[in-house]
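Dear colleague,

I am passing on the structure we spoke about, and below it you will find my notes on what turned up. Please read them with the structure open beside you.

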Amino acid sequence: MSSVWFDMRSYMRCITPYKLWNALLVWLSFYSSRWLKHTRHWGLPMTMSIEPTTACNLGCPECPSGLKMFSRPTGNLRRDQFQSWIDGMAHHLIHLNFYFQGEPFIHPEILQLISYAKGKGIFTSTSTNAHFLTDVMARKTVESGLDRLIISIDGTTQEVYEQYRVHGKLDKVIEGAAAVIRWKRELNSSTPQVIFQFLVVAPNEHQVDDVLALGREMGADEVRLKTAQVYDYSQGHPLIPKNEKYSRYMRLSDGRYRVKNALDNHCWRMWSGCVITWDGAVVPCCFDKDASHKMGDLTRSTFQEIWNNQAYRGFRQALFSSRGSMDICANCSEGTRVWTEA
């Protein structure tokens, strides 16, 4: 089943009259703000990402977690704080993604966190490098009620895979993915939807057809090709694919590169969702990896107080005139194509 149909069916199970009304308010807020070039927001976020941990077992280039180069505090999400935050937001949240930076399955209580959110009627998803999906963990993942599991498979041979997933072992990824798929079948469960995600970079772009075949062979619900973020891209970079259709960047006539996205002066994400770090910082989106645009702190304020405070209103307003000058927008993937195969 494709993500579109899966999402529609799954979201319908999470929808309440209030969530539907809130979604309408979010939509009206965004478009009225965009048309009038003046920020207003009558709703609350429909989607949200929360960070279970900043820790990761891999050393991927272009990743603050893998390179251990955070400029912000690192740690694990506390279960009691998480439950308190979700209790205050469950009435308006439709989708909660358990991922920002770090490897979610390093968190010792990740499945308990997921189950708690599911019990509140929220669609849940997470992304993993699959190194911690033992047979026991795979079964518990299926039993947790998790709706979507994105598994990073960035190569179909160890030699290629480890060029980006530094310190990673492809056989463990395959083993973990196979265990989840097997337990879904044995437990007669339709969830989690298993998506193989292939981050296309120059070292692995020749294996695109191979990963599509691997997904079909293993029984993944979908294989997704994703464009890769590169921090220092203007002069080119060894990770940028040669085939431009797989790249987030385009080569200019003078040999320099720029992001394909035109960076229009508006952004749906600023009205529909946000990101919460493990220690409660509320940031605008997943491109603010170092939480440099901190809108508020959930350990000091309620989410409702933060969502429409002066800092948030000012950030949204700035989008209408100078989005291209915002540092976290410089690598935005909005408008760049992601290919999928069911």
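**Notes on the strands, a helix and the rings**

In strand β5, I195 is the bridge partner of I150. This pairing, like everything below, comes from a predicted model. Strands β4 and β5 run parallel and are joined by 5 bridges, while on another pairing β4 is joined by 4 bridges to β3 (residues 123-128), again in a parallel arrangement. One of the residues involved there is T128, whose bridge partner in β4 is I151. Between these two strands the chain crosses from β3 through α6 to β4, and this β-α-β crossover is right-handed.

As for how β4 is covered, 5 of its 5 residues are buried. In a regular strand, side chains alternate between the two faces of the sheet. In β4 both faces are covered, with R148, I150 and S152 buried on one side and L149 and I151 buried on the other.

Helix α8 covers residues 170-186, and its 17 residues reach 24 Å from the first C-alpha to the last, which is close to the 24 Å expected. Its buried residues include L170, V173, V180, I181 and W183, and among the elements that cover the buried residues of α8 are α6, β4, α7, β5 and α9. After the helix comes N188, which has a positive phi, near 50 degrees.

The largest nonpolar core holds 91 residues, of which F82, L96, F98, I151 and F196 touch the most other members. The element that gives the most to this core is α8, with 7 residues. Leaving aside neighbours within four places in sequence, L96 is in contact with several residues, including M48, I50, F82, I122 and F123.

Turning to the aromatic rings, there are 12 aromatic pairs. F82 and Y116 form one that is edge-to-face, at 6.4 Å centre to centre and with 65 degrees between the planes. Because F82 lies in helix α4 and Y116 in helix α5, this pair ties together parts that are 34 residues apart in sequence. F82 is buried, with a relative accessible area of 0%, whereas Y116, at 22% relative accessibility, counts as partly exposed. The pair of W271 and F320 is tilted, since the ring centres lie 5.7 Å apart and the planes are at 45 degrees. This pair links distant parts of the chain, with W271 in helix α10 and F320 in helix α12, 49 residues apart.

With best wishes

Methods: Residues numbered from 1 in each chain as written. Predicted model: local features only at pLDDT ≥ 70, side-chain atom pairs only at ≥ 80, totals over all residues. Heavy atoms only, no water. Expected span 1.5 Å × (residues − 1). Buried < 20%, exposed > 50% of the residue type's maximum accessible area, 1.4 Å probe, protein only. Contact = heavy atoms within 4.5 Å. Pairing = 2+ DSSP bridges. Right-handed = clockwise from strand over helix to strand, strands pointing away. Core = buried A, V, L, I, M, F, W, Y, C linked by side-chain atoms within 4.5 Å. Phe/Tyr/Trp six-rings, centres within 6.5 Å; stacked < 30°, edge-to-face > 60°.
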